[in-house]
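The following exercises are meant to be worked through with the sequence and the model side by side. Each task is followed by a solution that goes step by step.

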Amino acid sequence: MTDVLYTGPIPAEREGELAMGGGRSETSALSGAGGGRGITTTQNSQRPNACCFCWCCCCSCSWNEEERRKRRRKRISQDTKMETIPNCEACTKPSAEEIRLWSQSFDKLMKSPAGRNCFREFLRTEYSEENMLFWLACEDLKQEMNKGAVEEKARSIYEDYISILSPKEVSLDSRVREVINRKMQDPAPHTFEDAQLQIYTLMHRDSYPRFLSSNIYKSLVHGGSRTSSES
């Protein structure tokens, strides 16, 4: 009996199985740093939640950020009381004038240790604190001069914030991820420079406007105003 080759349409459920099996393999490039201790991860060639209308990184990352927050809200009860921020930066109490300046520009907020702490507290309520943690880790890496320490910190940043296996993965487009993978072959203090800028821009455009209208910032402004009037 002659075998008949089926050329008809693939059933929807089978097509889904094939789609799940597809996708490119991306080597994280951690194997090139730190004496061959490597981690290999896989992800789709184009991230599944990238913006479908344009290749603008800010557009796709903002969309990814909102989707990730939704997933976290499902995992974390909104009735849970927010705990005190661990490992916050040492800083002095901001003056009423300094608090007011935070609303003038995102740069002024991010240059202030107290401002970063307050903004980080707000990000926790939106389940996106990892954006600030990643930015701070990149700032710390840029100050490091010892090559061994640079490699160790770069690997830690990759595993904590870049790896798709990490629960603290930040939203980056495929181009930036490819740049990071190349640079991780020989980590340097500025290995994550492009990624840090992208996350900075994301926080500026996505989270900062909501921070200024949040109860956290409003209470600071009102508190600072009362302190100034009393003195």
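A residue is called buried when its relative accessible area is under 20%, exposed when that area is over 50%, and partly exposed in between (1.4 Å probe, protein chains only). The model is a predicted one, in which local features need pLDDT of at least 70 and side-chain atom pairs count only at pLDDT 80 or more, while totals for chains, interfaces and linings use all residues. Residues are numbered from 1 along each chain as its sequence is written, and side-chain values use heavy atoms, with hydrogens and water left out.

**Exercise 1. Cysteines**

Decide whether C118 and C138 are buried or exposed, and state how many disulfides the count comes to.

Solution. Begin with C118: its relative accessibility is 13%, so C118 counts as buried. Next take C138, which is also buried because its relative accessible area is 3%. For the last step, recall that a disulfide is a covalent bond between the sulfur atoms of two cysteines; here the criterion is a pair of cysteine sulfur atoms within 2.5 Å. By this rule the count is zero disulfides.

**Exercise 2. The overall layout**

List the order of the elements from the N terminus on, and find what percentage of the residues is buried.

Solution. Helices (H or I, at least four residues) and strands (E, at least two) are taken as DSSP runs and numbered from the N terminus. On that basis the protein has ten helices and two strands, and their order is α-β-β-α-α-α-α-α-α-α-α-α. Of the 231 residues in the protein, 39% are buried. Contact means heavy atoms within 4.5 Å, and among the contacts with a separation of 6 or more, 63% are between residues 24 or more positions apart.

**Exercise 3. Helix α6 against helix α9**

Describe how α6 and α9 pack, and name the residues that make the contact.

Solution. Two packed helices are described by the angle between their axes and the distance between the axes. The axes are lines fitted to C-alpha atoms, for helices over the stretch in contact, with angles that run from 0 to 180 degrees between N-to-C directions. For α6 (residues 129-142) and α9 (residues 193-212), the angle is about 145° and the axes are 10 Å apart. On the side of α6, the contact is made by N131, M132, F134, W135, C138, E139 and K142, and on the side of α9 by A195, Q196, I199, Y200, L202 and M203. To sort these residues, count Ala, Val, Leu, Ile, Met, Phe, Trp, Tyr, Cys and Pro as nonpolar, Asp, Glu, Lys and Arg as charged, and the others, Gly among them, as polar. The contact then has nine nonpolar, two polar and two charged residues.

**Exercise 4. The aromatic rings**

Which geometry does the pair of F119 and F211 have, and which residues do ring pairs link into a cluster?

Solution. Rings of Phe, Tyr and Trp (its six-membered ring) pair if their centres lie within 6.5 Å, and planes under 30 degrees apart count as stacked, over 60 as edge-to-face and the rest as tilted. The structure holds ten aromatic pairs. In the pair of F119 and F211 the ring centres are 5.4 Å apart and the planes are at 80°, so the pair is edge-to-face. This pair links distant parts of the chain, since F119 is in helix α5 (residues 113-125) and F211 in helix α9, 92 residues apart. Both F119 and F211 are buried. The cluster linked by ring pairs consists of F106, F119, F122, W135, Y200, Y208, F211 and Y217.

**Exercise 5. Residues around the cluster**

**Exercise 6. A backbone angle**

Solution. Most residues other than glycine have a negative phi. Y127 has a positive phi of about 60° although it is not a glycine. Y127 lies in the loop between α5 and α6, and is buried with a relative accessible area of 11%.
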